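The following paragraphs concern a ligand and its surroundings, and then an aromatic pair. Please keep the sequence and the model in view while reading.

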Amino acid sequence: SDVGSQKERVVTEEEWLQKWEMGNIGFHKEQGHPLLQKYLDVLLNGRSGLRIFFPLCGKAVEMKWLADMGHSVVGVELSEQAVKDFFSEHSLPYYEEPVPEISGAKMFQSTSGNISLYCCSIYDLSSFIVGKFDGVWDRGALVAVNPCDRQRYASLMINLVEKNSSYLLVTVSYDPNKHKGPPFYVPESEIKSLFG
Ligand code: SAH
């Protein structure tokens with residue numbers, strides 16, 4: 001079946017960078033995601049001043065939403081173009097600096113200090129570098145991870161969250177034999193085995 005063949009498929013880092021270069025970013029939601037609004041209370045659970053993580057963040061506008069609510073946002077994204085577009089599209093001044101622990105990586109931070117975007121592969125991060133988080137917004141992240149890297153991704157995410165954290169995961173329910181993406185099919189049973 002196609003689900004079987006998806007397991008072998010990979011989207012390479014170069015292919016992601018190329019998508020950004022070509023403006024082939026249909027996944028980006030200009031207006032933000034309605035499900036974050038809907039489940040905001042679940043994410044925040046009455047708490048303020050949280051540290052929220054955006055894995056595979058792209059230029060998700062939800063990062064601006066949460067920062068404006070007083071939370072501290074950390075994202076990770078391969079594409080430097082995506083990261084720079086995020087700051088410029090929201091007219092946010094920022095500075096960039098190298099990340100001493102990761103060769104070639106850069107961290108872009110808003111001058112107000114509440115949004116930090118790491119430009120590198122998520123697999124280069126650890127809680128030693130970015131600390132632990134109270135909340136995660138995973139939209140277009142787990143479903144974009146190559147099937148062969150899912151276990152590694154889930155273990156890393158589990159390692160990056162505090163005990164009392166909330167993890168919002170956006171999944172898409174569809175017949176994988178009829179649709180190719182977005183970009184990978186993640187069956188519910190697998191989500192359960194990955195995250196317990
Ligand atoms: N979460 C965002 C973007 C989803 S698309 C949104 O909701 O709009 C997936 C993004 O992950 C792409 O921007 C791609 O460049 C990035 N990406 C893919 N593999 C990555 C990796 N290993 N580390 C960091 N970012 C990655």
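A polar side-chain atom of Ser121 lies 3.2 Å from a nitrogen atom of the ligand, a polar contact in the sense of a pair of N or O atoms within 3.5 Å. The model is a predicted one, in which local features need pLDDT of at least 70 and side-chain atom pairs pLDDT 80 or more, while totals for chains, interfaces and linings use all residues. Residues are numbered from 1 along each chain as its sequence is written, and side-chain values use heavy atoms, without hydrogens and water.

The ligand is surrounded by 14 residues (a heavy atom within 4 Å), and the closest are Trp20, Leu56, Glu77, Ile122 and Arg139.

Elsewhere, the structure holds eight aromatic pairs (ring centres within 6.5 Å, with the six-membered ring used for Trp). The rings of Trp16 and Phe27 have centres 6.1 Å apart and planes at 70°, so this pair is edge-to-face (planes over 60 degrees apart).

Methods: A polar contact is a pair of N or O atoms within 3.5 Å; within protein, one must be able to donate a hydrogen and the other to accept it, and residues adjacent in sequence count only if both atoms are side-chain atoms. Rings of Phe, Tyr and Trp (its six-membered ring) pair if their centres lie within 6.5 Å; planes under 30 degrees apart count as stacked, over 60 as edge-to-face and the rest as tilted.
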